[in-house]
Amino acid sequence: LLRPIEKALQLANIGVNPIVDGSLIRLPFPDLSKERRQEFVKTAHRLAEEGRVSVRHIRRDAMEAAKKLKKDGKISEDDEKRLEKDVQAATDKAIADINGHLAAKEKELLTV
């Protein structure tokens, strides 16, 4: 499995070239300069935004499912509103978790 892992790491475009050493894969990270730290922070922000977008897509799908259930007569309007409120609460919590992790990672990356 070393070759597929090596290839996946190369295709991930994370700025690190994997080196296969027997049964190990070594990832030589260059010394972290201020510019390199800023690049990692930008990458973290990009990944966090992708995560928030994914959460929003899931929320949209859940809201549409609730509307479909109400339309089909399987749940009442009150149940639909309750479901939407629960979905929104879960969405807010997930986004807050992402933001919290991003802030912690940004602080960690910028600490010398």
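**Exercise 1. Is Lys93 buried or exposed, and what does its side chain pair with?**

The model is predicted, and its values are computed from the atoms.

Step 1. Lys93 has a relative accessible area of 54%. The cut-off for exposed is over 50%, so Lys93 is exposed.

Step 2. The partner of Lys93 is Asp97, and the closest N and O atoms of this salt bridge are 3.1 Å apart.

Step 3. Both residues belong to helix H3, where Asp97 and Lys93 are 4 residues apart, about one turn of the helix.

Step 4. Asp97 has a relative accessible area of 36%, so Asp97 is classed as partly exposed.

Step 5. Elsewhere, salt bridges with shared partners link Glu49, Arg52 and Arg56 in one network. Over the whole structure, the search gives 13 salt bridges.

**Exercise 2. How far apart are the N and O atoms in the salt bridge of Arg60 and Asp61, and how is each residue classed?**

Step 1. The N to O distance between the two side chains is 3.3 Å.

Step 2. Arg60 has a relative accessibility of 41%, so Arg60 counts as partly exposed.

Step 3. Asp61 has a relative accessible area of 40% and is also partly exposed.

**Exercise 3. Which residues make up the largest nonpolar core, and which elements give two or more residues to this core?**

Step 1. The core has 6 residues: Ala44, Ala48, Val55, Ile95, Ile98 and Leu102.

Step 2. Two or more of these residues come from each of helix H2 (34-71) and helix H3 (77-110).

Step 3. In soluble globular proteins, nonpolar side chains tend to be buried together.

Step 4. With neighbours within four places in sequence left out, Ile95 touches Arg52, Val55 and Arg56.

**Exercise 4. Where does Thr91 lie, and what is Thr91 in contact with beyond its neighbours in sequence?**

Step 1. Thr91 is placed in helix H3.

Step 2. The relative accessible area of Thr91 is 4%; the cut-off for buried is under 20%, so Thr91 is buried.

Step 3. Beyond neighbours within four places in sequence, the contacts of Thr91 are Val55 and Arg59.

**Exercise 5. Which residues line the largest pocket, and how does the lining divide by residue type?**

Step 1. The largest pocket holds about 250 Å³ of space.

Step 2. Its lining consists of Ala12, Asn13, Ile14, Gly15, Phe29, Arg36, Glu39, Phe40, Thr43 and Arg46.

Step 3. By type, the lining has 4 nonpolar, 3 polar and 3 charged residues.

**Exercise 6. Is Leu1 buried or exposed, and how far is its C-alpha atom from that of Ser23?**

Step 1. Leu1 belongs to the segment before H1.

Step 2. Leu1 has a relative accessibility of 85%, so Leu1 counts as exposed.

Step 3. Leu1 and Ser23 are 22 residues apart along the chain, and 9.6 Å separates their C-alpha atoms.

Note on methods
Residues are numbered from 1 along each chain as its sequence is written. This is a predicted model: local features need pLDDT of at least 70, side-chain atom pairs count only at pLDDT 80 or more; totals for chains, interfaces and linings use all residues. Side-chain values use heavy atoms; hydrogens and water are left out. A nonpolar core is a set of buried Ala, Val, Leu, Ile, Met, Phe, Trp, Tyr and Cys residues joined through side-chain atoms within 4.5 Å. Buried means under 20% relative accessible area, exposed over 50%, partly exposed in between (1.4 Å probe, protein chains only). Contact means heavy atoms within 4.5 Å. On a 1 Å grid over the protein atoms alone, a cavity is a set of points where a 1.4 Å probe fits but cannot get out, and a pocket is an open set with protein on both sides within 12 Å along at least five of seven lines; lining residues have an atom within 4 Å of a point. Grid points are joined across faces, edges and corners, and a volume is the space filled by probe spheres set on the points. Ala, Val, Leu, Ile, Met, Phe, Trp, Tyr, Cys and Pro count as nonpolar, Asp, Glu, Lys and Arg as charged, and the others, Gly among them, as polar. A salt bridge is a side-chain nitrogen of Lys or Arg within 4 Å of a carboxyl oxygen of Asp or Glu.
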